[in-house]
Amino acid sequence: MKRSHQPSVISHQPKNGFTLIEVIIAGAILIILASGFVGLQYILSQNQITAWQNYLSIEDANNITAGLVKELRNLRSSDIGSYPLEIASDQEIIFYSDINFDGDVERVRYTITGTIFNKGVIKPSGVPVSYPPGNEITR
């Protein structure tokens with residue numbers, strides 16, 4: 001018996017699509033890029049929060065300083081005849097000023113305790129007029 005020998009035809013048609021390895025590598029690259037963007041977004045948001053907190057701190061400091069300057073510009077001798085400026089030290093300043101424009105001269109004390117800026121006000125009281133430290137109202 002004679003066999004007929006026919007040449008086998010192998011077609012080399014280009015395949016459309018991606019292999020599994022290509023899809024896995026592309027997915028890994030995408031995940032790495034996405035995690036980098038998330039990390040960058042986190043860093044930028046933390047910087048924005050810090051900048052906003054700094055802005056608010058500076059705004060508070062400007063408001064407090066403006067009030068202090070306004071009160072210092074209205075220095076008056078006290079109702080008991082004391083000099084307008086009682087104490088001016090590194091951590092404390094005490095002066096007399098009509099801070100609420102009611103005609104009475106109040107004793108005003110600003111102090112710094114650590115990072116806290118305190119203000120104390122004593123209204124004059126009694127006859128003869130005095131400034132009792134127990135009547136100090138702090139803010």
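Reader: Which residues form a nonpolar patch on the surface?

Author: A quick note on the model: it is predicted, so local features need pLDDT of at least 70 and side-chain atom pairs count only at pLDDT 80 or more, while totals for chains, interfaces and linings use all residues. Residues are numbered from 1 along each chain as its sequence is written, and side-chain values use heavy atoms, without hydrogens or water. Patch members have over 30% relative accessible area and no salt bridge, and nonpolar side chains are joined within 5 Å; a salt bridge is a side-chain nitrogen of Lys or Arg within 4 Å of a carboxyl oxygen of Asp or Glu. With about 720 Å² of accessible area together (Shrake-Rupley method, 1.4 Å probe), the patch residues are Ile21, Ile25, Ile29, Leu33, Phe37, Leu40 and Leu44.

Reader: What is the relative accessible area of Ile25?

Author: Ile25 sits in helix 1, residues 20-73. Buried means under 20% relative accessible area, exposed over 50%, and partly exposed in between. Ile25 counts as partly exposed, and its value is 47%.

Reader: Which pattern does the chain follow along the sequence?

Author: Helices (H or I, at least four residues) and strands (E, at least two) are DSSP runs, numbered from the N terminus. The chain has one helix and five strands. Read along the sequence, the pattern is α-β-β-β-β-β.

Reader: What is the bridge partner of Thr113 in strand 4?

Author: Strands pair if DSSP finds at least two bridges between them. Strand 3 (residues 106-113) and strand 4 (residues 116-122) pair in the antiparallel sense over seven bridges. In strand 4, the partner of Thr113 is Ile116.

Note on methods. Patch = residues over 30% accessible without salt bridge, like charges linked within 9 Å, V, L, I, M, F, W, Y side chains within 5 Å. Buried < 20%, exposed > 50% of the residue type's maximum accessible area, 1.4 Å probe, protein only.
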